[in-house]
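Colleague: Please put the model up, and then we can go through its aromatic rings.

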Amino acid sequence: MNAERIEQQAAEWLARRERADWSADDQGALDAWLDADTAHKLAYWRLEHGWAKVGRLAALRGAVAASRSRRWRPAAIAAAIGAIALAGVVLFIGLPRDQQRYETPVGGHGTMPLADGSRVELSTDTRVRAAVTEARREVWLDRGEAYFEVQHDRSRPFVVWAGDRKVTVLGTKFSVRRDGDQVRVAVLEGRVQVAPAKPADDADAQIAVRGDIVLAKGASTLLSSASTDQVARALSWRRGMLTFDRTTLAEAAAEFNRYSTTKLVLDDEETAAIRIGGTFQSDNAVAFARLLGDAYGLHVVEHDDEIVISR
Amino acid sequence: MAERDALKAWFLREVLPLEPALTRFIRRNWSNEAEIADLRQEVYVRIYEAASERLPLNPRPFVFATARNHMIDRARRASIVSFDLVADLEGLPFVEEVVTPPQVASAREELHRVRAGLETLPRRCRQVIELRKIHGLSQKETAERMGVSLKAIEDHTTRGMRRLVDFLLGNEAPPTRRPARDAAGKEAGR
């Protein structure tokens, strides 16, 4: 028996399993290898267990660093992500002279620097327009979700228009997300004001501070003093991750589906109601589905454009 | 299949966290460093097979007793090993006394270990792991970004994975394993 060789083989299987084109045949070959020897199984499980933790901890690392004031690493990481993903951002010209427009495709992620030094980070399937002049700083979130790091400038408030809401700040870090007619604002630092876009509307203006999440829909505005943890979770897409905490599968699948053209489909209500937790790569719904298969014994069938999960 | 899942869960929960202590225990009682990994794996197999007959009520003493018995068996089978070794092993104090209390690593400690592990990886290997696990790029995207083949990405992933899992489990990897690529080919003595 050669532990070194078996461990190497186990590691190769695990690495190969993360391939996009992992097939039922591959799975069959892996199962055969696992069944061939108890030592294979044990070496594989050991690495699988540790490797899953490496993934989780790396996610934690970003969150921990970002919530403290150690700015360099996350900044460098964010810059790297920006550089990588900028390819996915389409810049349109031919708009009014002082307007910039950016958008990301499904699964895209990119950063747009503004003329005042502020920056906007775009999540999946997002379109943003920005107008920064001497007199004003305005951004329109036409769809999707974006994270803002706003340079402090008392003379020029920074306004984000999202659906029927208007979010006003001086200098701070926060994200805004649109889901249909719902607007969600999560504040990482500083203070923001969320108000109706039309002052005539009934809903009152709300002031949200660090750790707060505002949910606005129609005439109602719900402010929850969540926690910096929950805000960090709401922002985990910036690291390419989705974080769930006692989230129903229905909600989790909807989240994944925002990031991918291959959709997760839940076949029955019982499955949809299962609650899960954890941190997952937003671009890897397939891995998430397989994990459900492994962890909950759910039935997972992969098609070209959808993955059906059932009891 | 359900039985196997239950055994797997038991193994990951009860046995794997003991790995650092188990490795130290074997290393302290076995002179040939090159055989430590093999011994540990053989011990795991024995534990698993015994557990599939009947789950031990008290996994800790069971794990160390199995390791002790296995070392004695191995030493007896190997004709060149001196009888002193066998005698030493048989004279080991009650295993619980030689073993430090179990340490369930907190998330923070685990994080620390993974970071420490990352520091020791070769530069390219580390870059691959960071792009994959921190920035969440797929293998394909990582390959494109680094301008290397998918195969190269998998090789780096494989190497990094083995090393990080070692660190995560708190194994003090002996210095001879440091240059990851040469380790296999070289004599394990320092």
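Colleague: Which residue lies over the face of A:Trp13?

Modeller: This is a predicted model, where local features need pLDDT of at least 70, side-chain atom pairs count only at pLDDT 80 or more, and totals for chains, interfaces and linings use all residues. Residues are numbered from 1 along each chain as written, chains are lettered from A in the order written, and side-chain values use heavy atoms, without hydrogens and water. A charge sits over a ring if NZ of Lys or CZ of Arg is within 6 Å of the ring centre and within 35 degrees of the ring normal. At 4.7 Å from the ring centre of A:Trp13, the residue is A:Arg16.

Colleague: How many aromatic pairs are there over all chains?

Modeller: Rings of Phe, Tyr and Trp (its six-membered ring) pair if their centres lie within 6.5 Å; planes under 30 degrees apart count as stacked, over 60 as edge-to-face and the rest as tilted. Over all chains, the count by this rule is 10.

Colleague: What kind of pair do A:Phe148 and A:Phe158 form?

Modeller: A:Phe148 and A:Phe158 have ring centres 6.1 Å apart. Their planes are at 70 degrees, so the pair is edge-to-face.

Colleague: Is A:Phe148 buried or exposed?

Modeller: Buried means under 20% relative accessible area, exposed over 50%, and partly exposed in between (1.4 Å probe, protein chains only). A:Phe148 has 0% relative accessibility, so A:Phe148 counts as buried.

Colleague: Which residue does A:Arg238 lie over?

Modeller: A:Arg238 is 3.6 Å from the ring centre. The ring whose face A:Arg238 lies over belongs to A:Tyr147.
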